[in-house]
Amino acid sequence: LWRRMKDKTHFIKDLPDGTFLYDSCFTNHIDAAPHWQGWMETIPKFVVPRGSTYDEIVVPTVDSLRLTRITEILLLNKQHVLIPGNTGTGKTIAIRQWLTSGAPDFVQAAMLNFSAQTQVN
């Protein structure tokens with residue numbers, strides 16, 4: 001099925017061999033031809049800022065980049081977003097980082113903090 005889809009679909013056909021669809025993003029910039037690119041290739045190489053404390057360091061991963069970009073696309077297209085997942089996987093950090101540094105000016109964040117110990121009552 002995957003090979004048939006790849007042969008028939010122009011955009012998927014250009015995906016590098018041995019790469020899964022979720023491992024790459026389709027980049028369409030004005031200054032370059034549209035192409036598939038690995039998620040980690042979309043950002044500069046990560047370097048820990050000098051003088052950072054342990055709790056300030058957020059290392060980007062494929063999962064955090066993918067989560068942030070897909071959430072950004074949905075929010076900017078006025079879609080509601082719910083991000084489920086296991087505790088401690090970086091959901092809050094990734095979105096908070098985008099809201100405070102990458103979101104357009106018209107986006108306003110109202111942040112509520114819950115923890116695994118939050119009670120219903």
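The side chains of D63 and R66 come together in a salt bridge with an N to O distance of 2.4 Å, the term meaning a side-chain nitrogen of Lys or Arg within 4 Å of a carboxyl oxygen of Asp or Glu. This is a predicted model, in which local features need pLDDT of at least 70 and side-chain atom pairs count only at pLDDT 80 or more, while totals for chains, interfaces and linings use all residues. Residues are numbered from 1 along each chain as its sequence is written, and side-chain values use heavy atoms, with hydrogens and water left out.

Because D63 and R66 are 3 residues apart in helix α3 (residues 62-76), about one helical turn separates them; helices (H or I, at least four residues) and strands (E, at least two) are DSSP runs, numbered from the N terminus. R66 has 18% relative accessibility and therefore counts as buried, where buried means under 20% relative accessible area, exposed over 50%, and partly exposed in between (1.4 Å probe, protein chains only).

A search of the whole structure finds 2 salt bridges, and E72 and R69 form one of them, at 2.9 Å from N to O. E72 and R69 are likewise 3 residues apart in helix α3, so they are separated by about one helical turn. E72 counts as buried at 17% relative accessibility, whereas R69 is partly exposed, with a relative accessible area of 38%.

Turning to strand β2 (residues 35-38), we find Q37, which counts as buried at 16% relative accessibility. Leaving aside neighbours within four places in sequence, Q37 is in contact (heavy atoms within 4.5 Å) with S24, C25, T27 and T42.
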